[in-house]
Amino acid sequence: MAFVGVIPPGLLNMTAARISLKEGAARGIMFSTGVCIVVYIQTYVAAIFARYLSSHPDIVAILKRVAFVIFVLITVYFLMLASKQKEQKQETEIKSKHGRLLHGMLLSALNIFPIPFQAYMTITLVSFGWMNFEKLSIVTYVTGAATGTFVMLYFYIFFFDKIKDRKFTSQKSMNLSIGIITGLVALVTFITILKEL
């Protein structure tokens, strides 16, 4: 389910691809590992508090408003970055792998959408009798969610590596793509907030 949720181009998978193109696949994988560490924690929290979140929609509404502001800021940042960036090859700056791990964790922590999504999926699976709220069942589900996320991020890294010479994989195009995607996410979030008023 996490694998399917990460298939559409989004902030995390496009950033993983961008880092891989700019700094190499190893740093893209390190970023993805950081993302998956936080996804593991978020999914665990979502599974533990699934019943609470489902019976308190006001908390989910607050999370949506926070997410909206964050995605608007990220959109502005990447669109400004793309507008200032020149189409030229730059020397690759060697950065710490640990820095990319923390970058992945931070960006994943800002993306709070997995919490309500995974809470909903947990309740759905429990209602079908495919899992329960026992520790082994939750840990298995959470591990599967983190693994599915990593596999899709890995796919994005190596897919973009194969097509890196195409024009749309330039840093300017990647930043513009991320800005547009986060802008669309912010717009969808804003529409859902308006519908709930």
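**The rings and their surroundings**

Modeller: Phe150, Tyr154 and Phe158 are linked into a cluster by ring pairs. Rings of Phe, Tyr and Trp (its six-membered ring) pair if their centres lie within 6.5 Å; planes under 30 degrees apart are stacked, over 60 edge-to-face, and the rest tilted. This is a predicted model: local features need pLDDT of at least 70, side-chain atom pairs count only at pLDDT 80 or more, and totals for chains, interfaces and linings use all residues. Numbering starts from 1 along each chain as its sequence is written, and side-chain values use heavy atoms, without hydrogens and water.

The whole structure holds four aromatic pairs. One of them joins Tyr154 and Phe158: it is tilted, at 4.7 Å centre to centre and 50 degrees between the planes. Both residues lie in helix α8, four residues apart, about one turn of the helix. Helices here are DSSP runs of H or I with at least four residues, and strands are E runs of at least two, numbered from the N terminus. Tyr154 is partly exposed at 39% relative accessible area. Phe158 is partly exposed too, at 28%. Buried means under 20%, exposed over 50%, and partly exposed in between (1.4 Å probe, protein chains only).

Phe155 and Tyr156 make an edge-to-face pair, because their ring centres are 6.4 Å apart and their planes stand at 90 degrees. Phe155 is partly exposed at 46%, whereas Tyr156 is buried at 8%.

In soluble globular proteins, nonpolar side chains tend to be buried together.

Now Phe31. Beyond neighbours within four places in sequence, Phe31 is in contact with residues including Leu12, Ile19, Arg100 and Leu107. Contact means heavy atoms within 4.5 Å. Arg100 also forms a salt bridge with Glu23 (2.3 Å, N to O). The term covers a side-chain nitrogen of Lys or Arg within 4 Å of a carboxyl oxygen of Asp or Glu. A search of the whole structure finds one. The two partners sit 77 residues apart, Arg100 in helix α6 (residues 97-110) and Glu23 in helix α2. Arg100 is buried at 11%, and Glu23 is buried at 11%.

Ser108 is in helix α6 as well. Ser108 is buried, at 1% relative accessibility. Apart from residues up to four places away, Ser108 touches Leu12, Val35, Val38, Val39 and Gln42.

Last, the whole chain. It has nine helices and zero strands. Of its 197 residues, 41% count as buried. Mean pLDDT, the predictor's confidence in each residue from 0 to 100, is 77. Confidence is lowest in helix α1 (residues 2-6), at a mean of 64, and highest in α3, at 91. Over residues 87-92, pLDDT falls below 50.
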